[in-house]
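Trainee: I am new to this structure. Please take a close look at one part of it, the contacts made by charged and aromatic side chains, and take me through them in order.

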Amino acid sequence: MAHIMYSGGENEGSDNEASFVYPETMLDRIKRNDPGTTTLSWGFFLRNMNMSDDGWEELGRDVSNNTHLKNVYLNEGALNDQTISFFCRGLTRSSSIEDVHLYENRLSTVGVRSMVPFLQNANNLHELLLCDNDIKSEGFNAVFRALRDSPIKALNCDNCGIEAIEIDSDYSPKHLTTLRLNQNRINADGCRQISKLLQGGDSTLKRLYLRSNKIDDDGVAILVDALQNNASLQILDLMSNEGIFAEGRKLCLKLVNDISSIKATLQSNRTLRELNVKDQNDQNVMQIQQHINKAAHINAENENDAEAAGKEKVIQTQLNSTRRAELAELQGVNRSFYSEINPLHLPEVLALAGRSHGQGELYVALKSSIAGVISTVNRKQWLQQQKAHHNAIIAEHRTKVESIEAELAAIEAPDGPNAVDIGSDSRSSKRRRKWWWGLWGGA
């Protein structure tokens with residue numbers, strides 16, 4: 001037999017016997033849709049009572065018709081595959097239930113499949129806890145598909161024997177923000193399915209818990225790739241996955257702060273506020289986790305301004321020689337930060353380094369970039385000389401052009417030096433002919 005607890009009192013949600021209602025009164029209040037009864041819980045008086053299959057079905061119908069119940073807490077042996085099947089024969093819908101907790105009931109795939117009609121018609125359900133059952137992959141997949149059109153926000157399937165996950169983007173909960181899959185047997189193939197929830201601009205998932213699974217470096221690579229352009233996930237827990245080694249941890253670090261270039265740092269993930277991968281006391285592992293934590297903290301401080309988060313990472317790591325050296329070694333990067341910067345921008349960058357990290361860091365920055373500073377000065381002088389030289393050439397050619405234009409104008413004028421006088425040429429010709437014939441006596 002289940003048990004109803006009152007809402008609004010001091011003892012709501014506790015195991016204090018004074019907060020419980022006798023079974024005889026309980027059924028009546030459920031049937032009467034008592035506004036003061038909002039939580040159905042497996043309680044003190046009911047642990048030793050045997051409820052018949054018909055009784056479970058009747059209770060399910062009463063709960064289904066109730067419009068005030070918000071929480072159903074039937075945990076720790078309250079149900080099994082048989083009793084939940086009868087309970088869900090009656091409980092096929094609800095307009096009021098928000099939270100359903102069914103942990104530690106040894107439910108199998110058969111048990112959770114009987115819940116499908118209720119899950120498809122619980123139009124106010126926000127949280128479902130199925131942890132510490134044995135629903136396996138088939139049970140999880142059935143539940144996940146059933147929640148396609150549900151308003152559910154949190155799904156907890158920790159320690160449920162899940163391995164082979166099948167996620168269809170068209171049959172996934174549209175409002176899911178928290179997914180807990182700790183202590184299962186999820187591997188790289190499972191990560192590939194989960195990554196579907198992280199892709200696309202409509203991703204809603206904010207918290208993903210995958211602690212103590214069978215995830216290796218390949219699985220990490222799949223998740224990291226999906227998170228490159230993700231703008232929703234804030235927490236990713238990968239602790240205690242024994243298959244994650246140096247390469248996987250490095251990928252996690254590069255995800256939140258890629259030190260390989262200024263552009264890479266600016267474009268590193270700016271949404272994750274927690275990324276947990278450390279599960280060893282190894283110094284290198286701890287160092288990676290510390291740098292991950294710092295980058296995630298910057299994301300958290302700039303949660304509403306992704307661009308500001310990227311700039312702050314550049315200032316805190318790229319402009320800090322000690323931190324950059326550590327990150328470069330951890331990520332296998334050998335390039336100099338100052339080699340990327342246009343020499344014309346070096347004065348501004350050096351000033352920023354000095355303001356952010358003090359004179360000591362400014363000295364290091366100057367030492368690292370002095371060749372660029374000198375080349376900036378030399379190039380400026382050379383450019384000025386080149387400008388003067390070409391201006392002189394332009395002036396000389398302009399003078400020549402003006403001279404040519406003047407000569408062309410004179411040629412084209414009516415009284416110019418090349419104008420032809422036909423009458424004058426005719427008289428001169430006559431005189432030449434007269435002189436010529438005079439020489440021969442023929443004039």
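**Charged and aromatic side-chain contacts**

Mentor: F87 has a relative accessibility of 3% and counts as buried, the cut-off for that term being under 20%. Keep in mind that this is a predicted model. W56 belongs to helix α2 and F87 to helix α3 (residues 81-90), so their contact ties together parts that are 31 residues apart in sequence. The model has two aromatic pairs by the rule used here.

R61 is partly exposed, at 39% relative accessibility. There is also a network of salt bridges, which links K31, E58 and D62. The count for the model comes to 13 salt bridges.

Another of these bridges joins D189 and R192, with an N to O distance of 3.1 Å. D189 and R192 are three residues apart in helix α7 (residues 188-194), so about one helical turn separates them. R192 has a relative accessible area of 43% and is partly exposed.

The next salt bridge is between R273 and E303, where N and O are 2.5 Å apart. R273 sits in the loop between α10 (262-267) and β10 (274-276), and E303 in the loop between α11 (283-301) and α12 (306-318), so this pair ties together parts that are 30 residues apart in sequence. R273 is partly exposed, at 31% relative accessibility. E303, at a relative accessible area of 48%, is partly exposed too.

The charged end of R148 is placed over the ring of Y171, 4.5 Å from the ring centre. For R180, the charged end sits over the ring of Y209, and the distance to the centre of that ring is 4.5 Å.

Conventions
Residues numbered from 1 in each chain as written. Predicted model: local features only at pLDDT ≥ 70, side-chain atom pairs only at ≥ 80, totals over all residues. Heavy atoms only, no water. Salt bridge = Lys/Arg side-chain N within 4 Å of Asp/Glu carboxyl O. Buried < 20%, exposed > 50% of the residue type's maximum accessible area, 1.4 Å probe, protein only. Helix = DSSP H or I, 4+ residues; strand = E, 2+ residues; numbered from the N terminus. Phe/Tyr/Trp six-rings, centres within 6.5 Å; stacked < 30°, edge-to-face > 60°. Lys NZ or Arg CZ within 6 Å of the ring centre and 35° of its normal.
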